[in-house]
Amino acid sequence: MERFTRLEISAEDRLGMTSEILKVLHKLGINLHSLEVFPRKVRVKTEVLEEGRLQIIQRDLKNVQGVDSVGVVDLFDFEKSERRLLAILDAIDEGIVAVNKEFRVELFNSYCESVFKVKKEDVLGQDIRRLMGPDSPLLRLIQDGIAWKNKEVSGHNQWGDSHYIINGRPVRDDDEHIIGAVASVKDIRKAIELANAVSRTTEGAFKEIVGSSQAIERVKKMCVAVAKSNSTILLRGESGTGKELFAKAIHRLSKRRDQPFVTINCAALPDSLIESELFGYARGSFTGAAQSGKEGLFREADGGTLCLDEIGELSVRLQAKLLRVLQEGVIRKIGSNREEQVNVRIIAATNKNLEEMMRQSLFREDLFYRLNVVPIFLPPLRERKEDIPLLVNHFIAVYSEKLNRRVSGTDMAFMDKLFKHDWPGNVRELQNVIERALVLGDDDILSLQSLALSLEHSAQKSGEGDAPQPFPPGRKNLNLRRAVQMCEREVIEQALAQSKSYRAAARILGISHTALMKKVKRYELSS
Ligand SMILES: Nc1ncnc2c1ncn2[C@@H]1O[C@H](COP(=O)(O)OP(=O)(O)OP(=O)(O)O)[C@@H](O)[C@H]1O
């Protein structure tokens with residue numbers, strides 16, 4: 001590290017004082033590195049001065065009229081604060097990068113060295129694009145000033161590959177002009193470790209489930225109680241009440257938490273496909289089957305949990321096959337005679353009246369009793385309206401970030417209307433309403449006007465049988481919703497064409513398997 005001598009000169013506060021001090025230093029041929037002037041104080045940082053020279057300087061400076069004292073200090077106060085700050089930044093288990101508005105790196109702590117595999121000396125003062133590439137979200141942040149959280153970035157630069165989660169916020173001057181940006185960075189492996197550790201706690205397991213009503217708290221307690229056992233669970237509740245979220249929470253709370261959690265929507269596919277998805281098939285078992293055969297979801301979920309969503313939609317034939325797995329713990333692939341042992345906990349979910357279905361012989365009684373070991377009923381939103389404000393704030397935060405909007409809340413009339421609504425589509429409907437209100441409005445506060453437009457469509461979107469009409473041949477007079485659907489369908493079709501399985505397509509699209517299956521059904525893409 002470069003070394004200096006630091007002088008602190010206390011002097012009378014008068015015009016010309018600094019210039020006289022500088023004249024003395026100049027006359028003695030002292031090389032200055034920095035100079036700071038305060039009322040009654042001048043600080044100079046010079047090359048290292050040996051004792052003899054230092055005494056001459058002190059003597060000559062003291063001869064300047066009005067100079068009271070000339071002291072030597074180890075570090076100036078601001079340097080102490082700066083060093084302390086840098087030591088803190090290097091000690092924390094998170095990367096910190098600061099850039100100025102010319103995209104030059106001004107700060108780069110030790111953690112970042114391990115994420116980007118480069119020494120700070122090699123990046124300080126360099127263009128951030130060399131480090132993070134031309135598409136880094138930090139560049140946009142410096143232009144639009146909108147902070148964001150938890151973006152996952154995979155990058156490559158001259159020093160190697162990096163994969164991290166990044167949060168960014170702008171740095172502004174007194175006039176609110178953007179003068180740079182600061183980002184915190186977490187290596188993806190560390191982020192996953194942290195997320196796993198958090199989800200082991202009860203609070204972490206329920207982190208996606210918003211609501212503090214007595215009804216929801218009761219359900220959470222029940223989930224905690226049943227999670228530790230291996231018994232089959234039947235989650236019952238109307239569509240959109242969060243059955244899949246609770247199934248995931250039970251898995252996270254169980255001993256199987258480090259094993260796979262796999263979910264399938266039994267309503268999303270025709271019977272034959274559900275069968276091959278669940279059980280897999282042996283090689284060459286039917287025309288069109290993959291040469292190598294295929295493992296089913298029971299195998300994929302081995303050791304973990306399999307969530308059978310919309311179990312009421314399973315055909316009676318498959319119900320019989322499922323019952324055998326539950327009774328004997330073995331599966332048989334389509335086209336195979338070999339039985340394979342599996343160890344899977346089943347969480348089934350339904351919004352159907354299974355008792356009524358049994359009366360009509362549409363659901364097997366023996367399977368019902370096998371599944372219904374622990375029934376958990378999820379309350380509809382209209383019975384826990386006190387959760388609406390929390391849910392609204394949660395979805396505003398989610399969609400503000402997704403849509404790059406700054407929305408701080410709703411007005412009273414908006415909230416009042418939400419309380420009066422009956423919510424047949426439950427939390428999913430509320431989620432859609434808030435998303436649309438953010439898309440349609442452009443105010444910082446959601447108002448009745450955006451809600452009016454938004455609620456108009458909500459029944460349509462959240463209700464069942466929501467298959468969109470066939471797409472119009474041309475794009476003339478296309479409204480936004482239809483345009484989005486058209487685009488969504490195209491993107492899904494492309495992902496399906498590129499992939500060998502729905503699961504692989506879901507991975508490409510960055511959505512869950514269940515979400516993809518719902519869309520496949522909705523757009524009638526399954527054939
Ligand atoms: N308590 C909640 N907090 C936050 N989001 C929720 C909550 N309940 C449901 N959601 C959201 O609502 C949507 C529907 O939830 P989910 O798919 O779990 O419902 P479901 O009961 O399984 O519905 P379906 O019967 O139609 O499959 C999801 O986007 C989910 O994230």
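Q: What should the 13 residues of α14 span at 1.5 Å a residue?
A: The expected span of a helix is 1.5 Å times one less than its number of residues. For α14 this gives 18 Å, and the end C-alpha atoms of the helix are 18 Å apart, so the two values agree. Helices are DSSP runs of H or I with at least four residues, strands are runs of E with at least two, and both are numbered from the N terminus. This is a predicted model, in which local features need pLDDT of at least 70, side-chain atom pairs count only at pLDDT 80 or more, and totals for chains, interfaces and linings use all residues. Residues are numbered from 1 along each chain as its sequence is written.

Q: Which residue just after α14 takes a positive phi?
A: Gly329 does, with a value of about 70 degrees.

Q: Where are Phe103 and Glu310 found?
A: Both are loop cases. Most residues other than glycine have a negative phi. Phe103 is not a glycine, yet has a positive phi of about 70 degrees; its loop lies between β5 (95-100) and β6 (105-108). Glu310 likewise has a positive phi, near 55 degrees, without being a glycine, and it lies in the loop between β14 and α14 (316-328).

Q: Is Glu310 buried or exposed?
A: The count of other C-beta atoms within 10 Å of a residue's own decides this: 20 or more means buried, 12 or fewer exposed, and a value in between partly exposed, with C-beta atoms placed from the backbone. Glu310 is buried because 21 other C-beta atoms lie within 10 Å. Phe103 has 18 within 10 Å and is therefore partly exposed.

Q: How many residues of α3 are buried?
A: The count is 0 among its 15 residues, so by the C-beta criterion α3 is hardly covered.

Q: How many residues of strand β17 are buried?
A: In β17 (residues 345-350), 6 of 6 residues are buried, and the strand is mostly covered. Arg345, Ile347 and Ala349 point one way, while Ile346, Ala348 and Thr350 point the other way; all are buried.

Q: Which strand of residues 233-236 pairs with β17?
A: Two strands pair if DSSP finds at least two bridges between them. Strand β10 (residues 233-236) pairs with β17 in the parallel sense over 4 bridges, and Ile233 stands opposite Ile347. Strand β14 (residues 305-309) also runs parallel to β17, joined by 4 bridges; there Cys307 has Ile347 as its bridge partner.

Q: In what sense does β9 run relative to β5 and β8?
A: Both pairings of β9 (residues 178-187) are antiparallel. There are 6 bridges between β5 and β9, with Val99 opposite Ala181. Strand β8 (residues 160-172) is joined to β9 by 9 bridges, and Val171 stands opposite Gly180. β8 and β9 form a hairpin with 5 residues between them, and Glu176 in the turn has a positive phi of about 70 degrees.

Q: Which residues of the largest nonpolar core touch the most other members?
A: In soluble globular proteins, nonpolar side chains tend to be buried together. A nonpolar core is a set of buried Ala, Val, Leu, Ile, Met, Phe, Trp, Tyr and Cys residues joined through C-beta atoms within 7 Å. The largest one has 51 residues, of which Leu235, Ile250, Leu306 and Ile347 touch the most other members. Helix α11 gives the largest share of this core, 5 residues. Domain 3 (201-377) and domain 5 (480-522) each give at least three residues to it; domain bounds come from an automatic or database domain assignment.

Q: Which residues come nearest to the ligand?
A: Among the 18 residues around the ligand, Ser239, Gly242, Lys243, Glu244 and Val427 come nearest. The elements giving two or more residues to this shell are α11 (243-253) and α19 (426-440). Domain 3 (201-377) and domain 4 (381-462) both give residues to the shell, so the ligand lies between them.

Q: Where is Pro424, and how many residues separate it from Pro380 in sequence?
A: Pro424 lies in the loop between α18 (412-420) and α19. Pro424 and Pro380 are 44 residues apart in sequence, but their C-alpha atoms are 8.2 Å apart in space. Pro424 is partly exposed, with 17 other C-beta atoms within 10 Å.

Technical notes: A residue is near a molecule or strand if its C-beta atom, placed from the backbone, lies within 6 Å of it.
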